[in-house]
Amino acid sequence: MTEHVSIRLASERVNHCVSSSNDTARFYTPGEVISGMQDFMRGHGTYVEEDCLKSSVAGVMQKVNKLICVRPLKSRYVGEIGDVVVGRVLEVQQKRWKVETNSRLDSVLQLSSVNLPGGELRRRSAEDEQMMRKHLKEGDLISAEVQSVFTDGSLSLHTRSLKYGKLAQGVLVKVFPSLIKRRKNHFHNLPCGVSMIIGNNGFIWISPKPQGMMVDGNEDEIINYEMQPVDRTDREIIARLKNCIAALVASKMMLDDTSIMFAFEESLKYEEVKELLDPEAMLDIAFLTQHRLNNIMEE
């Protein structure tokens, strides 16, 4: 039995660049000279050699007055206090959970930084410590906020607000943290009928309904919610959103609720969700989304 495999040649690859030629940022490679040292100050992603300022990473230059930085296109997440993150529990330790948040080091969620069942306010006891795995176990996904940053760069998280906590019934999409646009609100109920959490750390959570089941919720309700099947309509919308995000990422476009919704609306002309995985369709969606974003900027 002969199996046919389709191979895409390099000459047939689609150029996903959607930026106009006049606003394309200058790209620097490691070791490339940026400028002489007389007029500028050295920032992140640069070093001085032979009285010249050179790039130490592959990325685009950012200039603030006389300070020059080079922002890498691909990098790990560097957390800031107040950031909204989506993470996965790696390990249950003594009075804390270890959480993977796409940063250089694992983040920490202290037992004292989560709400107790029923929202009870009291000191955590040995009994609470024994019940930790009932709240969150290895592999669970959570949404949280960065409470503080340790001296080594690792993050301390908290889920004290009702909008944070355990996530269930949804899809996790991973993108470069540099593509996430910082906003005041990262929790969105989209007009298409699903909710989305755009984590500053590059983890995006798409779920069929607003997240009401949190760590401090009723355990039986959480289990029942996790066991409920998601209907086909919601699954198709989630899959379409996931493919739209992939199209924007392929063209290195910044992600927020506006750009993702524009891409979703432009994708509706493709009836089958799997059509969005075609490189030509991805470029078409990214181009039309960029055009709509430019129109908003000009108004």
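Predicted model: local features only at pLDDT ≥ 70, side-chain atom pairs only at ≥ 80, totals over all residues.
Biologist: What percentage of the residues in the protein chain is buried?

Modeller: Buried means under 20% relative accessible area, exposed means over 50%, and partly exposed lies in between, with a 1.4 Å probe and protein chains only. Of the 299 residues in the protein chain, the buried share is 42%.

Biologist: Where does aspartate 256 lie, and is this residue buried or exposed?

Modeller: Aspartate 256 belongs to the loop between α4 (232-250) and α5 (257-267). Because its relative accessibility is 5%, aspartate 256 counts as buried.

Biologist: Which side chain is joined to that of aspartate 256 by a polar contact?

Modeller: Contact means heavy atoms within 4.5 Å; leaving aside neighbours within four places in sequence, aspartate 256 is in contact with Lys181, Arg183 and Ile198. A polar contact is a pair of N or O atoms within 3.5 Å; within protein, one must be able to donate a hydrogen and the other to accept it, and residues adjacent in sequence count only if both atoms are side-chain atoms. At 2.8 Å, the side-chain partner of aspartate 256 is arginine 183.

Biologist: Which residues line the largest cavity, and how many of them are charged?

Modeller: On a 1 Å grid over the protein atoms alone, a cavity is a set of points where a 1.4 Å probe fits but cannot get out, and lining residues have an atom within 4 Å of a point. The lining consists of Lys181, Arg183, Asn185, His186, His188, Ile198, Leu255, Asp256 and Asp257. With Asp, Glu, Lys and Arg counted as charged, Ala, Val, Leu, Ile, Met, Phe, Trp, Tyr, Cys and Pro as nonpolar, and the others, Gly among them, as polar, the lining has two nonpolar residues, three polar and four charged.

Biologist: How many residues of α5 are buried, and what covers them?

Modeller: α5 is mostly covered, with eight of its 11 residues buried; among them are Phe262, Ala263 and Phe264. The cover includes β16 (195-198), α4 and α6 (279-298).

Biologist: What is the phi of lysine 95, and where is this residue found?

Modeller: Most residues other than glycine have a negative phi. Lysine 95 is found in the loop between β8 (84-93) and β9 (96-100), and is partly exposed because its relative accessibility is 44%. Its phi is positive, near 60°.

Biologist: What is the phi of glutamine 169?

Modeller: Glutamine 169 is placed in the loop between β13 (165-167) and β14 (171-174). Its relative accessible area is 22%, so glutamine 169 is partly exposed. Although glutamine 169 is not a glycine, its phi is positive, about 55°.

Technical notes:
Residues numbered from 1 in each chain as written. Heavy atoms only, no water. Helix = DSSP H or I, 4+ residues; strand = E, 2+ residues; numbered from the N terminus. 1 Å grid on protein atoms, 1.4 Å probe; cavity = no way out; pocket = protein on both sides within 12 Å on 5 of 7 lines; lining within 4 Å.
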